[in-house]
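Q: I have a model open and would like to learn how to read its features one by one. Could you walk me through it?

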Amino acid sequence: MEQATKNHFFLHGEPGLEREKANCHFCQLRSFATHAEYPVTIVNTEDDAVLDPGFRFTDASVLGRGVQPTKDEFRSGCACVDAEACQYKGCHCLQDMDDDSSYEGGDDADPYASQYRKKAYAYHSHGARAGHLRSKILTSRDPIYECHERCACSSGGAESLPCPNRVVERGRQVPLQVFRTRNRGWGVRSTVDLRKGQFVDRYMGEVITAGEANRRRAKSHIAQRKDVYLFALDKFSDPASLDDRLRGPPLEVDGEFLSGPTRFVNHSCDPNLRIFARVGDHADKHIHDLALFAIRDIPKGEELTFDYVDGVHDEDNDALDPEKHKDMTRCLCGSEHCRGYLW
């Protein structure tokens, strides 16, 4: 770790060494558009381990062979002309959201929401909690629908207010640190305090077909280890769907060798983050984002974790069946509510 750090800071600012720079994790992180304001750093004060040289940082998922986005002629966005229109006037992007029959008040509540909102809106838009997930969404596993690059509403600029329904689209806005833990390999923490409902980052990687995911599992020496990095995009899977991309086996995101800093977020049975499916263009539900949000206030320096088997019903959770423990992976989270095993 020490030598890799020295090479980066003392050699990679000079001409040449292009191949070495391309493989340098520090250089990859410095290439992120948000690096200056929200850097990702790597530290190890525990041992001499370094990140896998075969791993590459990216700030966007890539589509693998056989994975196709929707053609441009089938894409669409909302026609809202200002920030408030996306909340109160039937925004096209919120067409799949439930009607909002409840209203969360409070000191920083939106004074117009109770009167005008027709659809449930994922985020607070006023006050200290602006941009944070509302409690109703945060305690659920409902998908998040956002405006996107094809929408008429503003993404923010000198002469317009940014649409408040573009939180994940705007990307990570917190500094993160990949660090070496004492007994669980690498982990991730924030160098600033995080608030309940705050967006942290997306889980990124190579988006691959179900067939390719199964091939990689079979090729892996330990299939269960491979499953740690594979996440199925199955939130909208439906055998009765009119969209054949949602009827069949879902696509999966493989972050083992190509991903962002959240690839190193460890599991906990008592986590402080949760993954939500985030949709931009409704035509691309089959390749929706996996967005991580804080589910409670998190002080800076506390390790960030999420539940790798969140959403699995008790009757389907092998960790609760003692007869299956001998073939399962032990959980090392150490929390008071630890289930003992992952899968």
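A: Gladly! Let's begin with burial: Q177 counts as buried, because its relative accessibility is 14% and the cut-off for buried is under 20%. Keep in mind as we go that this is a predicted model.

Q: Where is Q177 found, and which residues is Q177 in contact with beyond its neighbours in sequence?
A: Q177 is found in strand β5. Leaving aside neighbours within four places in sequence, Q177 is in contact with T41, V43, G187, V188, R189 and T191. With T41 there is also a polar contact of 3.2 Å between the side chains. You can check a distance here too: the C-alpha atoms of Q177 and S190 are 6.0 Å apart in space, while the two residues are 13 apart in sequence.

Q: Now the overall picture, please. How many helices and strands does the chain have?
A: The chain has 9 helices and 15 strands. Of its 343 residues, 48% count as buried. For contacts between residues at least 6 apart in sequence, 67% join residues at least 24 apart.

Q: What does the side chain of R172 reach, and what does R172 touch?
A: The side chain of R172 reaches the backbone oxygen of V174 at 2.8 Å. A polar contact of 3.5 Å joins it to the side chain of T34. Not counting residues up to four places away in sequence, R172 touches F32, T34, Y38, P39, V40, F199, V200 and D201.

Q: I would like to compare that with a histidine. Where is H282 found, and what does H282 touch?
A: H282 is found in the loop between β13 (273–279) and β14 (289–294). At 15% relative accessibility, H282 counts as buried. The side chain of H282 reaches the backbone oxygen of C93 at 2.9 Å. Setting aside residues up to four places away in sequence, H282 touches H92, C93, Q95, D96 and Y145.

Q: On to aromatic rings. How many aromatic pairs does the count come to?
A: First the general idea: a pair of aromatic rings is described by the distance of the centres and the angle of the planes. Here the count comes to 10 aromatic pairs. Take Y203 and F231: the ring centres are 4.6 Å apart and the planes stand at 55°, so the pair is tilted. Y203 lies in the loop between β7 (199–202) and β8 (206–208), and F231 in strand β9 (residues 230–232), so the pair ties together parts that are 28 residues apart in sequence. Both Y203 and F231 are buried.

Q: What about F306 and Y308: how far apart are the centres of their rings, and at what angle are their planes?
A: The ring centres of F306 and Y308 are 5.0 Å apart with the planes at 45°, so that pair is tilted. F306 is buried, and so is Y308. Beyond pairs, look for a cluster: Y123, F199, F276 and F293 form one aromatic cluster.

Q: Which charged end sits over the ring of F55, and what lies over the face of F179?
A: The charged end of R263 sits over the ring of F55, 5.0 Å from its centre. Over the face of F179 lies R189, at 4.0 Å from the ring centre.

Q: Which residues line the second largest cavity?
A: The second largest cavity is lined by Y203, V228, Y229, F231, T262, R263, V265, F306 and Y308.

Terms used
Residues are numbered from 1 along each chain as its sequence is written. This is a predicted model: local features need pLDDT of at least 70, side-chain atom pairs count only at pLDDT 80 or more; totals for chains, interfaces and linings use all residues. Side-chain values use heavy atoms; hydrogens and water are left out. Helices (H or I, at least four residues) and strands (E, at least two) are DSSP runs, numbered from the N terminus. Buried means under 20% relative accessible area, exposed over 50%, partly exposed in between (1.4 Å probe, protein chains only). A polar contact is a pair of N or O atoms within 3.5 Å; within protein, one must be able to donate a hydrogen and the other to accept it, and residues adjacent in sequence count only if both atoms are side-chain atoms. Contact means heavy atoms within 4.5 Å. Rings of Phe, Tyr and Trp (its six-membered ring) pair if their centres lie within 6.5 Å; planes under 30 degrees apart count as stacked, over 60 as edge-to-face and the rest as tilted. A charge sits over a ring if NZ of Lys or CZ of Arg is within 6 Å of the ring centre and within 35 degrees of the ring normal. On a 1 Å grid over the protein atoms alone, a cavity is a set of points where a 1.4 Å probe fits but cannot get out, and a pocket is an open set with protein on both sides within 12 Å along at least five of seven lines; lining residues have an atom within 4 Å of a point.
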